[in-house]
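Have a look at the model first, then read on.

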Amino acid sequence: MPNRDYHQERRDYDFKQLSREALSLDPFIQFSHWMDEAVEEKIIDPTAMSIATVDSKGQPHSRVVLLKEIDENGFVFYSHYDSAKGQQIENNPHASLLFFWPQMDRQIRIEGLLEKVSREQSEAYFHSRPRDSQLAAASSSQSMIVPGRKTLEMNYEIQKAEHEHLEVPCPEHWGGYRLVPNRFEFWQGRPNRLHDRFIFILEEKHSDSNHQAWLIERLAP
């Protein structure tokens with residue numbers, strides 16, 4: 001069994017600070033500011049996010065997916081509805097997202113409920129993807145056990161041959177999810193581990209408008 005000591009694996013965090021005055025009152029706008037900075041800093045895969053779901057036995061599961069869209073309603077990614085992830089979401093729509101950009105000493109945690117996007121939106125995005133990605137999605141039974149890689153490649157070639165001169169249809173088992181948030185946390189690493197942490201908690205959404213009120217608090221590091 002491995003026996004390694006990582007106690008001395010440490011570094012300091014001194015990229016920037018985060019003050020209450022610098023925060024936007026809208027967490028979606030604050031997220032967009034930080035995402036823009038991550039892109040400008042040439043962070044590798046800035047849209048990569050860990051999504052955590054919980055199965056019917058209460059066991060958490062996490063994996064990395066790619067953010068594809070953000071609007072005033074939430075954060076959108078795409079997956080197979082029949083996958084282990086999809087089954088967990090069907091059973092329990094509560095989930096959380098985590099963006100981590102170590103080069104900027106930043107992480108963003110987002111919690112809320114998952115819902116499927118419209119079929120029209122899923123199909124529009126599917127057909128915007130590279131054809132090889134479409135064929136891969138159509139040929140894969142995500143999360144299912146397969147005897148070997150040869151099976152994956154064979155299924156891909158079957159789909160490729162069947163649609164050689166045809167449009168690849170968006171599979172019914174494939175589409176988008178939107179996480180509708182009710183909580184954000186913005187974390188900025190600081191020297192001496194006195195990190196800056198701010199949470200946004202959704203208070204209400206007025207029925208006569210799309211206005212959302214967010215409570216903003218600082219957390220101890």
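Which residues are exposed on the other side of α5? They are Arg149, Lys150 and Ala161, where exposed means over 50% relative accessible area, buried under 20% and partly exposed in between, with a 1.4 Å probe and protein chains only.

Some ground rules: this is a predicted model, in which local features need pLDDT of at least 70 and side-chain atom pairs count only at pLDDT 80 or more, while totals for chains, interfaces and linings use all residues. Residues are numbered from 1 along each chain as its sequence is written, and side-chain values use heavy atoms, with hydrogens and water left out.

1. Helix α5 covers residues 149–162, and its 14 residues reach 20 Å from the first C-alpha to the last, close to the 20 Å expected at 1.5 Å a residue. That expected span is 1.5 Å times one less than the number of residues. Helices here are DSSP runs of H or I with at least four residues, strands are runs of E with at least two, and both are numbered from the N terminus.

2. Thr151, Tyr156 and Gln159 are the buried residues to look at in α5. Seen down the helix axis, the buried residues of α5 fall within an arc of 135°, so they line one face; the arc is taken from the directions from the axis to the C-beta atoms. Their cover includes α4 (131–139).

3. Now the largest nonpolar core, with 32 residues: Phe31, Phe99, Trp101 and Ile110 touch the most other members. Such a core is a set of buried Ala, Val, Leu, Ile, Met, Phe, Trp, Tyr and Cys residues joined through side-chain atoms within 4.5 Å. The largest share, five residues, comes from α1.

4. Phe31 is in contact (heavy atoms within 4.5 Å) with residues including Leu67, Phe75, Phe99 and Phe186, leaving aside its neighbours within four places in sequence. A second, separate core has eleven residues, among them Val76, Phe126, Ala138 and Tyr156.

5. Gln188 is in strand β7, residues 174–188. At 0% relative accessibility, Gln188 counts as buried. Its side chain reaches the backbone oxygen of Met104 at 3.1 Å.

6. Finally, β1 and β2 (residues 60–66) run antiparallel and are joined by seven bridges; strands pair if DSSP finds at least two bridges between them. Met49 has Val65 in β2 as its bridge partner. The two strands, β1 and β2, form a hairpin with five residues between them, and Gly58 in the turn has a positive phi of about 85°.

How values were computed
Polar contact = N/O pair within 3.5 Å; in protein donor to acceptor, adjacent residues only side chain to side chain.
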